[in-house]
Each structure stands twice: as C-alpha cells, then as structure tokens.
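Hello,

Here is the structure to look through. My notes follow below it.

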Amino acid sequence: MDITHILDGLNERQREAVTAPVGNLLVVAGAGSGKTRVLVHRIAWLIEAEGASPHSVLAVTFTNKAAAEMRSRTEALLDAPPRAMWVGTFHGIAHRLLRMHWQDAGLPQNFQIIDSDDQQRLVRRVLRSLDLDEQRWPPRQACGFINKQKDEGRRAREVVTGEDHYLVTQKKIYESYEEVCRAGGVVDFAELLLRCHEMWLERPDVLEHYRNRFAHVLIDEFQDTNTIQYASVRVLAGDRSSVMAVGDDDQSIYGWRGAKIENIHRFSQDFRDTGIIRLEQNYRSTGTILKAANGLIDNNTDRLGKELWTASGDGDPILVHDAYNEVEEARFVADRSHEWIDGGNGADEIAVLYRSNAQSRPLEEAFLRADIPYRIYGGLRFFERAEIKNALAYMRMMNQRHADVAFERIVNLPPRGIGPKSVDAVRVLARERGVSLWQAAKEGIADGGLRGRTASVFAAFLALIDDMAAEAGTHSLREIARVCVETSGLVDYHKKEPGERGLARKENLEELVAACRRFETERTFPLDPRGDGGDEEAGSVLDDFLDQAALESGEYQAEAGAAVQMMTLHSAKGLEFPLVFITGLEEGLFPSKNSDGEPGRMEEERRLAYVGITRAMRQLYLTRAETRWMYGTDSYNPASRFLFELPDDTWQEVRLGGAVKRARFGAPTPRAVDAEDGALRIGQRVHHGKFGEGIVMQSEGHGERARVQVNFAEAGAKWLMLGFANLETLD
Ligand code: ATP
Ligand code: MG
C-alpha cells in the first residue's frame, strides 16, 4: 500500500510524531504548529502503516465542530472512510457508552440528558423541598458546587465537610439532587463523565472489553482535560494501550471549569515510556500576528516556555480600532467585513470573536443591516432559546410521559390556567407516592388526590399530550415537530408577543421543524457518528434528536452557505480564519472583571487572548468601545491591558475616515476625569518634563492614588501618578 501521501505536507518533526513507534506520545507545541494535523495524520498512519483497525481508534477532541473536522480530515487521507472509528468529545463519547451500557451503568434505558438550564431548575426544586432560601443558596452556585465535585470524581457521600455550615448544606443539596436525578432518570453533563468512569471501575469486564478494543487513544487539546477526564483516560489505557496526547499549555482556558494544566505536565510520569515531541514552526499566521501573540503570552509566568516561528512574511500590521460605543464598534466590524467580501473573499473566512455572549447582539444587528450573512456559535444557542426548549419539552413529553423536567417546563405554557399552587399539589403527590409528576397527576385525577378545578385543568393537559402523541405517532420526526409546534399552541402563543421578538420566536420554531427534517434525512451525529459495525442498539430518531439537542453546545448551524462566524473566544479554540476580529478589548470585559486580583485567573484570561490572536491567519483587528451598554447599564472601561502588552511594532490604529495612523488610541471623545483630580479630562493635551507632549487616555484611583495614562507622541503610553507627574495642560 502506498503510504507516502500520509507523510506529504509534514515537516520533519511532525513526521517523527506521526511515525513514532506505537506507544505513549506527548506532543506539546504552540498554536498553529500542526498539532491537530499531526493527530489526524497519526490516525491514518496507524491504520495504513501499522495495520491498526479503525475499530481500535478512539479520537477525542473538545468541540463537536472539531470532531466533525477531525473525522472528515481523516477520511480524506484514507482510502476508505473508517466508519468504525470513534471520534467525538469526551461528553459525546461518554454519552454513547452509557446509551450502550445503560444497564452496566445503573441507568434506566431511556435516561435523558439535561443541560445546565434544566439542572438549575432541578436544583431549585431540591432547594424548595429542603426548605432552603434561594437568596441564600443560589441555584447557580449549588450547580457549580455539584459539577465541581463531579468533575473531581466525588459523589455526595464522599464530600468532606467537617463542621463548615456552607459545605454541610451544599452536600445536603448535592445528596438530594442525586436522588432527584436518579428518580427522574436524568443525567447532567458532568454526570456523563463520572458515570462512565465509575462503570469502568465497577465493571472490569466492560473495561476489559474497551481496553482490548481501543488500542489507540488520541486526544487533542489535552491542556483542557479535567480530573475525571484524565482519570478516565488512564483507566482506559491501563498499561498496554498507546495514548497520544496533544496540547499547548499556553492555550489552557477552562481552568474555571475544572481543567488542569498540570495534566500535561503529569502525562509523561503517569504514562509509561512517553515520547515527547515539540513543534515550533507555525504554519497558520503571518510573522506579525505571531510576534504579537508571543509578546503577549510572555507576560505570563507559569509556562513551559516555547518559541514559535514562521517562515511566512510579516504581513500586515494588526489594526486596532477605538470605537465610541458598542454600536460604532459593531458597525466598524461589519464595514470592514464588507470590504473584505467586496475584495472577492468569502464571508466564511471571517470570524468575529468576543469574550461574552452578551456582546453579540449589536454585532448581529450591524451585520443584519449590512446584509452580510452570519452565523452564531454558542451563546444564543439555538437549542437553548426558550421557545425551542419549550418545543423540545413537548416532544420529550410526547415521547416519555414521565419526564419531570419537561413536565414542569410546559405544564402551563402556553398559559392554560395551571397556577403554581396546582403544580405544587401535584409535586406533593408525586413526592408522597414516589412517582413522576405525570403519574401523580393521573392518579390524583382518578382517585381524588386532586380535586375540582385542579383536577380538570390537569386532565386537559394530560389529554393534550396524549392526543399530540397519537396524532404524531405514526409520522416522521418532522411531523412530530410540526404537531408539537402547532397543536401545543406554542406558535400562536409566540405570535402574540409584541414586535420583532414574537416574530423571531415564531421563525425559530419553524426552523426547528426544518432542523428535524434535515436531521431525519442526514441522521448524522456530528459528535458521535453512528454506524460503526452495529455493536449498539439504534434508538428512535426522536430520541437521537433530543439527545443531540441536549448535548450540542451551540454548534448548531442555522443555514448552509458562506457566512461570517461569530462566537466567543472559548469556542474558537482549535479553529483558524484568514480574517479575525477580536472585539471588546476593555478592562473588566476582557480581561473579565472576575479575574481581577486573582493572578491565576488573569493568566488564564491572557491565554484566552493568546488563543484569540492565534486564530488569525492573514489579518487581525482588535477593537474596543469607550462606552458600552451592557447588562442594562453604560460602562466606561479603560482599554484592555492586553492591547498594551502587544509589541509596539505589530499594530497600528485605525481612525475612521480611512486614515491609518500610528498612534496609541488617538484622541478619544472628551470625558470628565474624576472631579477630585482637578483640571484633567480624557482627551486633554498635556506636557511632561521628560516625555514631552501627549494626550490623556484614561485615569484611575482617587486623590493621592490617582493615576492617569498619557499617550506621548514620542514615548508612547505611560501611566503616571498625578501627584508626582507635574503635568502641564495645553490648549
Ligand atoms: P491550535 O493550537 O490552534 O489547535 P494546531 O497546532 O493544532 O493549532 P493545526 O490546526 O494542526 O495547528 O495547523 C495549523 C495550520 O497549519 C493548518 O492550516 C494546517 O493545515 C497548517 N499546517 C500544519 N503543518 C503544516 C505543514 N507541515 N505544511 C503546511 N501547512 C501545515
Ligand atoms: Mg489544534
């Protein structure tokens, strides 16, 4: 067999990694150095040169999008598509295993996955049953606690609390939550991983089966694995298998969710005879972009340390734009995208990145106005929109009457006169009798547990669901969706909502029907393609669809065709685009204000900036807004420190009107500095004895501790203590 094509387009170091003897291997390298490429070629090499069966390959990556990409790239390299190969995310793979081994894992066959929203709803119920005040014990915090314990592999009974009241209470919530999940047959995201891990530990026969099967485990983005993921890989690998871990410590951005950079450092100790390969040539970006990224990340202390170089030229400088507000920022991004597209380039070559999903709205509006197609990943996740979740809850109920989470969600939606008191009555019955809400309502109506109006409104609700199920019963998934959306009254309900919002919701519901149609025809599982030689039971299409809806983290694509991609910096990991905008470079936003005063978190923010910058291949724009309307208030945040950490010769400022000038954030709109600081205002021209003339950019602190940042024509930007600087005002 001719296998040279697998080595084509690889440098020497990359080849070394691809052709390394079967065994454990760690590839640590910076962004864009070909780590993912090496991993893909390694799979092909194992199959074609080492004679490994595709059946024996397990490849894990971080997002569904990346998994789909990995699969298609591998298939392109191989002669025949390796359908038996398992490629997916940690969660997707755990989910698949649990579906196949529900009995071994101690789950009901029809267990449902709940997302973080549903999880909070459940926790809220737990709080009520424990008589805990939501204000004191916020559901979000309790979920955070539970997930963190699960990520660390701890069940409620294993949480050590001592006398600590906070811990004792959280543990109680966790215990109760476990019980509710068990009774309801639901599984949250963290549970997928923990449950799977426990199954391996408790069922050596199952573990042995997969140890024999997955002789080759390959993991991309290894720097973002958490404790339970790492432990699972170790258990699965045993001491025979070959594990290839690929990662970059500078791109670890999920510490806040339990990821452990140390896993990369530990790998070679925990996995026998690990070969280590470093890659240093970047093939993605221009010299300038790379220099900026290297300069920025140099500000972090705790690094393995590596230099990246590129053989490509310097390219264009990074362009920095300082917008008046978020609307102007968005317009700027849309305008520049327009120019790019007019220049004969594809819209899909453009990515617009932001720190927080809340930033996406003005961007969306600007792109709509400019008539540029765009697609949002994450954030306003299609499957997380309220109207979609409502519809899915109906579909879930049609399929599975005992789905309590769904029951609670739609029992009075659209409003049908079932008030909180009536729902409470059913909840109490369900708790007393140890049955589902559906069952409780049904029994209550029959035996008088529910009376009068309460009984009759519930009877109508139960009948509606039964009727819908009967109507859809013999039809396709698309029909189920249509019945669900129309007969439930959801469309009419949302149509009545005022203005754009109602319209958008109605359109989204229509899009759901379309999505079901597509799903039915393609019936692909992007995270987890099926059809691997038939060693699993096929679920119903509806089950598959609902599972996918729950699992898919905002990677849903609303329509085909070339579109600008908008997403958070987190979801951009591993991707690359010729043109990249990073927006909202403001202190308090990026870096996020949660990272203030916590050195570890600040370094993680910087790594996130590094990830963002290194997504850009040819051109990078960095923008910020002087004032930003967000979360219902105006904020005035100084420019992000990350801008000042870029080497001077890598960027230029863009002024509107087309002129591009070399300056540090020109003259922003005048704004009064804190009155205590006297005559200085933002935008004021000043003179300094040593640095000469400059413009006041921003200020912070009061009285003695007041500092201003001045952009000096010669000396660049400097922070000065007002009390000592002896600034002379000009004009
Ligand atoms: P990240 O850290 O962002 O995940 P990475 O290290 O995984 O990046 P890849 O995505 O594998 O990098 O590669 C970056 C780009 O460089 C891709 O477009 C890839 O095709 C290209 N590339 C990698 N190696 C080579 C090579 N030897 N010759 C030409 N192009 C290459
Ligand atoms: Mg990669």
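**A buried leucine and the ligand shell**

L236 is buried, with a relative accessible area of 4% (buried means under 20%, exposed over 50% and partly exposed in between, with a 1.4 Å probe and protein chains only). This is a predicted model, where local features need pLDDT of at least 70, side-chain atom pairs count only at pLDDT 80 or more, and totals for chains, interfaces and linings use all residues. Residues are numbered from 1 along each chain as its sequence is written, chains are lettered from A and ligands numbered from 1 in the order in which they are written, and side-chain values use heavy atoms, with hydrogens and water left out.

L236 sits in helix α11 (residues 227-237), helices being DSSP runs of H or I with at least four residues, numbered from the N terminus. Leaving aside residues up to four places away in sequence, L236 touches L58, W200, L207, Y210, R211, F214 and V217 (contact means heavy atoms within 4.5 Å).

Now the ligand. Of the 18 residues around ligand 1, K35, R37, Q251, E576 and R615 come nearest (near means that a heavy atom of the residue lies within 4 Å). Helix α3 (residues 35-48) gives the most to this shell, with 3 residues.

Which side chains have an N or O atom close to an oxygen atom of ligand 1? For K35 the distance is 2.6 Å, and for E576 it is 2.5 Å; a polar contact is a pair of N or O atoms within 3.5 Å.

Regards

Terms used:
A polar contact is a pair of N or O atoms within 3.5 Å; within protein, one must be able to donate a hydrogen and the other to accept it, and residues adjacent in sequence count only if both atoms are side-chain atoms. Helices (H or I, at least four residues) and strands (E, at least two) are DSSP runs, numbered from the N terminus.
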